[in-house]
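Open the model in your viewer and keep the selection tool at hand. The stops below say what to pick and what is there.

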Amino acid sequence: MKKIYTIALVILSTYFLSTQVGHAQSKTYTTTIAPITESGYYNIKLDNRIAGEASSNFSNLRIMQRDSLSFATTEVPYFIRNVQPTSKETKIIEYQTSTLVERDSINRFVIHNPEAKKVSDFYININKADVSIHASVRGSNDNQSWFIVKQKTPIYTYTSSNDSEVTLFITIPEGRYKYYEMELINNQSAPLKLNKVSTAVDTKTYGQFSPTLLKYADSKVNNKNKTSILYFAKQQYQYRLNKLLIEIDSPKDYYRKAILRDSLTKTNISFILSSKNRNEFILDDILVQNPYIEIYNGDNTPLVVKAVNTYSLTRFATAYLNANTSYTVNIIGDEYDTPEYDIQHFKNDIPSSLPIVETHDFQFNQFQKASPEEIKKANNAIQSIILWGVIIIVGLVIALICYKTFKKQDN
């Protein structure tokens with residue numbers, strides 16, 4: 001009798017568990033750590049597909065050690081480390097100037113660039129004035145022979161630096177003249193009050209980048225919208241982009257607005273493509289999976305794009321590894337608590353210049369969630385089986401009771 005009840009309980013338990021089948025979904029990304037021959041701390045270089053699929057704080061990343069005899073796995077403490085943090089350093093240089101003309105509606109002055117550093121922009125700080133301004137620029141290496149750099153052009157854009165001043169942004173073709181003569185002409189009968197002339201130079205980006213597997217595939221021109229669309233080859237993984245480099249073949253001189261978009265991650269990043277610059281753009285961990293770039297051509301000839309290169313910031317997981325041991329780096333699902341490891345308290349004591357170990361054999365596994373209809377059909381079928389099983393067991397119990405009752409009467 002007891003055995004029958006036990007069987008019934010097992011069947012009912014199976015039923016309740018089976019109703020949850022089909023609701024589970026497992027999605028894992030795995031790489032293998034290259035074998036090492038000496039135990040110690042290592043910087044494990046993460047595949048940028050692993051970094052792309054990880055949560056923003058890497059809470060779902062686990063390093064697992066596998067025992068070669070028992071095949072049991074053990075979690076390995078780690079912390080995430082970048083080669084160097086991504087950053088920019090922009091140095092503002094203020095130029096010495098000498099006044100040539102400052103009367104009526106004209107300001108003419110010479111900007112001294114004694115080291116002949118590359119210049120492509122001037123920031124002219126003036127007192128606020130309700131005027132329209134035109135600017136022209138000439139260049140010289142000896143302050144005697146002058147050459148045209150920028151023809152007289154209206155200056156429409158300027159922005160306030162404080163309540164009483166504005167800054168004029170004057171862009172010129174990049175050059176290395178030691179002297180620049182600038183003339184500002186306004187539409188009033190008095191000159192402007194100039195305060196200082198400066199520029200931003202030596203902008204540097206620190207950090208080491210790894211190229212992603214995103215490949216530029218093709219471009220398509222939409223004449224109706226006056227745009228070009230740059231497409232990437234389709235792929236299934238996400239990437240965190242930290243740098244974008246676009247190589248343009250033609251035309252020679254161009255200045256175009258562009259937007260990096262992604263239909264899946266809803267990315268929307270604006271930037272300017274210009275023949276004056278290298279067209280290298282630093283991005284702040286922008287998550288993409290199906291990106292494309294939209295370029296506004298206006299009434300110009302579409303750009304001929306030679307290449308579009310994408311990069312992720314190189315990241316390491318720092319951990320203590322044992323020699324001749326198998327390790328994997330895993331990304332499992334999305335909703336995991338950040339692991340609490342003791343090693344986090346020793347980040348500043350562990351040297352950054354550790355031996356680097358690579359990861360390889362990237363793998364992706366996903367068990368798709370069944371559709372609601374499939375789950376309902378499966379559950380109905382299981383319910384029918386369980387119900388008939390319970391009916392049979394109850395029938396056996398009743399039959400057993402009747403059998404014992406009749407047996408007693410016979411005695």
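Buried means under 20% relative accessible area, exposed over 50%, and partly exposed in between. Keep these cut-offs in mind for several stops. Note too that this is a predicted model.

**Whole chain**

Start with everything selected. The protein chain has 3 helices and 28 strands. Of its 411 residues, 37% are buried. Take the contacts between residues at least 6 apart in sequence: 79% of them join residues at least 24 apart.

Now colour by pLDDT. The chain averages 83, and 81% of the residues score at least 70. Select residues 4-24. There pLDDT stays under 50. For this stretch the model has 22 contacts beyond four places in sequence.

**Phe 58**

Select Phe 58. Look for it in the loop between H2 and strand S3 (61-66). Is Phe 58 buried or exposed? Its relative accessibility is 6%, so Phe 58 counts as buried. Check the backbone as well. Phi of Phe 58 is near 60 degrees, a positive value in a residue other than glycine.

**Asp 285**

Go on to Asp 285, another stop for the backbone. The residue sits in strand S22 (residues 280-288). Phi of Asp 285 is near 50 degrees, again positive in a residue other than glycine. Asp 285 counts as partly exposed because its relative accessibility is 26%.

**Ser 250 and Pro 251**

Select this pair and show the backbone. What kind of peptide bond joins Ser 250 and Pro 251? The bond is cis, with omega about 0 degrees. Pro 251 belongs to the loop between strand S19 (239-250) and strand S20 (255-262).

**Ser 105**

Select Ser 105. Find it in the loop between strand S7 (96-103) and strand S8 (106-112). Ser 105 has 17% relative accessibility and therefore counts as buried.

**Phe 147**

Next, pick Phe 147 in strand S11 (residues 147-155). With 44% relative accessibility, Phe 147 counts as partly exposed. Which residues does Phe 147 contact, leaving aside neighbours within four places in sequence? They are Val 137, Arg 138, Gly 139 and Tyr 177. Phe 147 and Tyr 177 are 30 residues apart along the chain, and their C-alpha atoms are separated by 9.8 Å.

**The cavity**

Finish with empty space. Rolling a probe the size of a water molecule over the atoms shows where such space is left. How many cavities of 30 Å³ or more does a search of the whole structure find? The search finds 1. The largest cavity has a volume of about 40 Å³.

Select its lining: Leu 46, Asn 48, Ala 51, Ser 210, Ser 312, Leu 313, Thr 314 and Arg 315. Helix H2 (48-53) and strand S24 (304-313) are the elements that give two or more residues to this lining. By type, the lining residues divide into 3 nonpolar, 4 polar and 1 charged.

Now colour by domain. Domain 1 (27-83 + 317-366) and domain 3 (209-313) each supply at least three residues to the lining of the largest cavity.

How values were computed:
Residues are numbered from 1 along each chain as its sequence is written. This is a predicted model: local features need pLDDT of at least 70, side-chain atom pairs count only at pLDDT 80 or more; totals for chains, interfaces and linings use all residues. Side-chain values use heavy atoms; hydrogens and water are left out. pLDDT is the predictor's confidence in each residue, from 0 to 100. Contact means heavy atoms within 4.5 Å. Helices (H or I, at least four residues) and strands (E, at least two) are DSSP runs, numbered from the N terminus. Buried means under 20% relative accessible area, exposed over 50%, partly exposed in between (1.4 Å probe, protein chains only). On a 1 Å grid over the protein atoms alone, a cavity is a set of points where a 1.4 Å probe fits but cannot get out, and a pocket is an open set with protein on both sides within 12 Å along at least five of seven lines; lining residues have an atom within 4 Å of a point. Grid points are joined across faces, edges and corners, and a volume is the space filled by probe spheres set on the points. Ala, Val, Leu, Ile, Met, Phe, Trp, Tyr, Cys and Pro count as nonpolar, Asp, Glu, Lys and Arg as charged, and the others, Gly among them, as polar. Domain bounds come from an automatic or database domain assignment.
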